[in-house]
Amino acid sequence: MTEPLQGYLRADGRKGVRNILVVAYLVECAHHVSCEIVATFRDRAVHLIGFPGCYPNDYAAGMMEKLCTHPNVGAALLVSLGCEGYNKRPLVDAISASGRPVKLIGIQGTGGTRKTIEAGKAWVDATLRELEAQQRVPMDVAELTVGTICGGSDATSGLTANPAMGVAFDLLIKDGAKTIFEETGELIGMEHLMAARATNPALGEALKETVAKAARHYAQMGYASFAPGNADGGLTTIEEKSLGAYAKSGQSTIDGIIKPGIEPPKKGLYLLDVVPDGDPRFGFANINDNAEIAELIACGSQVILFSTGRGSVVGSAISPVIKVCANPETFKRMEEDMDVDAGRILEGRATLPEVGREIYDLVHRVGNGAPTKSETLGHQEFILTYKSFEPLGPSCLPL
Amino acid sequence: MKLAPQDNVAVALRPLSAGETVMLGSSALTIARNIAVGHKLAAQPIAPGDKILKYNCPIGSATCAIAPGEYVHTHNVASDYLPTYTLEP
């Protein structure tokens, strides 16, 4: 049964499926104070995000602005030490211009750890009351952006959960939703298949170049995007992992390429290019799954579909993460962490279209406020590191 | 099961034990060593350098001769793109 969606209307007309107050530290030195503020509101919608670096970075600043003004976010408390390199004013101005309550507190100016925690708690307490009083309004699926990722993959991921999420993607796209798949490093070997699905030849060439860039990046770094657990789970090479990962994108035509912080301009299916441009400057493209989830959210995703075979447990700050378990043995062991048992396909207890439909319906229920397993368990992982990107090429976005 | 008719590897839908014989289409394969769910076995003789085909897509090349029913993994297949990193030697 497909439930109607309800969302929180923002000043720019977008709608969120959650009403989160984010507490954001602007340097690692403000992390502890921010944690202490958030800890007080453990069972309420207060999430911790932040950027640990002391040196400014355009990518990180862009990510922070997109996250603090995300449709699922209702207000933001920014916690600064005082002397860090983060350019605070543009962030405060952007959040304020978006119509959201925002406050910047500096630990040095406020008088230290204890006084800042108290000041922060007082502001969060007052602002949360406003957010909790906000009524939801009806929301259409076409107002939804859904991102997809796989983590802790094994050989069952490409057989069950990933193609089932692809079925759900095809249904969402038919309804007019915006959908995003990513991790170009895990599409190595798929470039020709993917280019054939592009809406025009120029985009097809751009898709191939995006994957070639990822292959160059990982070759320079010395490792493919491949963990030892992937091999334990029966995946032999990056090409084999890619085949499974690619299945998440479904069968629809590919409408464009985006980069972190860029929202899909219209409905359809988009590839998120997560690999930095130029020579590697700040380390690996994405140091773990949550770095990618944060980027999907910065591209506007209000809901994340996460497939896992080995059994990842993560959730995320800001947007709910729906965990689709590919491996029936993992599901039996870790049922409390899993929202969907896609391994039933392997056991012959369900078909691919049935599980795809189940995921599609669950997106609606979660969009209507039902908590995911990772939300219930309190997962709010978040990470943001340094990166550098060039602007999008001319053929990347649909006209 | 084979994921595409052209494939030279099959995928175990249940754990397979060394010594057991399984039917793949009309041919009987004797399992050389234990194979976990989702892992691969050779569906036909594979020569060194042959492309390994799964979903009718190349997933790498054989590094040695692989007999039907033998386990197919990192010990006898290498990526055509980037080396696979594992904790085992």
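The centres of domain 1 and domain 2 of chain A, taken over C-alpha atoms, are separated by 29 Å. Domain 1 covers residues 20–133 and domain 2 covers residues 141–376 of chain A, with bounds that come from an automatic or database domain assignment. The model is predicted: local features need pLDDT of at least 70 and side-chain atom pairs count only at pLDDT 80 or more, whereas totals for chains, interfaces and linings use all residues. Residues are numbered from 1 along each chain as its sequence is written, and chains are lettered from A and ligands numbered from 1 in the order in which they are written.

Between the two domains of chain A, 14 residues of domain 1 are in contact with 9 residues of domain 2, a contact being a pair of residues whose C-beta atoms, placed from the backbone, lie within 7 Å. On the domain 1 side, the elements that give two or more residues are β3, β4 (46–50) and α2 (58–68) of chain A; helices (H or I, at least four residues) and strands (E, at least two) are DSSP runs, numbered from the N terminus. Of these elements, α2(A) gives the most to that side, with 5 residues. By class, the domain 1 side that touches domain 2 of chain A has 9 nonpolar, 4 polar and 1 charged residues, where Ala, Val, Leu, Ile, Met, Phe, Trp, Tyr, Cys and Pro count as nonpolar, Asp, Glu, Lys and Arg as charged, and the others, Gly among them, as polar.

The largest nonpolar core has 145 residues; such a core is a set of buried Ala, Val, Leu, Ile, Met, Phe, Trp, Tyr and Cys residues joined through C-beta atoms within 7 Å. Helix α6 (residues 161–174) of chain A gives the most to this core, with 9 residues. Both domain 1 (20–133) and domain 2 (141–376) of chain A give residues to the core, so it lies between them. The residues with the most contacts inside the core are Ala24(A), Ala168(A), Val324(A) and Ile359(A).

Ala24(A) has its place in strand β3 (residues 20–25) of chain A. This residue counts as buried because 28 other C-beta atoms lie within 10 Å, the limits being 20 or more other C-beta atoms within 10 Å for buried, 12 or fewer for exposed, and partly exposed in between, with C-beta atoms placed from the backbone. Leaving aside residues up to four places away in sequence, Ala24(A) touches Ile49(A), Gly50(A), Met64(A), Cys68(A), Ala76(A), Leu78(A) and Val79(A). With the same exclusion of residues up to four places away in sequence, Ala168(A) touches Leu305(A), Gly356(A), Ile359(A), Tyr360(A) and Val363(A).

| Pair | Separation in sequence | C-alpha distance |
|---|---|---|
| Ala24(A) and Leu78(A) | 54 residues | 4.9 Å |
| Arg114(A) and Glu36(A) | 78 residues | 9.6 Å |

Among the strands of chain A, three form an open sheet in the order β2-β1-β7, with antiparallel pairing; two strands pair if DSSP finds at least two bridges between them. The edge strands are β2 (15–16) and β7 (137–139) of chain A, each of which pairs on one side only. Strand β1 (residues 5–9) of chain A pairs with β2(A) in the antiparallel sense over 2 bridges, and Tyr8(A) stands opposite Gly16(A) in β2(A).

A parallel arrangement joins strand β8 (residues 145–150) of chain A to β9(A) through 3 bridges, and the bridge partner of Gly147(A) in β9(A) is Ile180(A). Because 5 of the 5 residues of β9 (residues 178–182) of chain A are buried, this strand is largely enclosed by the rest of the structure. Lys178(A), Ile180(A) and Glu182(A) point one way from β9(A), while Thr179(A) and Phe181(A) point the other way.

Over the whole of chain A, the secondary structure comes to 14 helices and 14 strands, and 58% of the 399 residues count as buried.

The contact between the chains takes 24 residues from chain B and 25 residues from chain A. Strand β6 (residues 57–62) of chain B gives the largest share of the chain B side, 4 residues.
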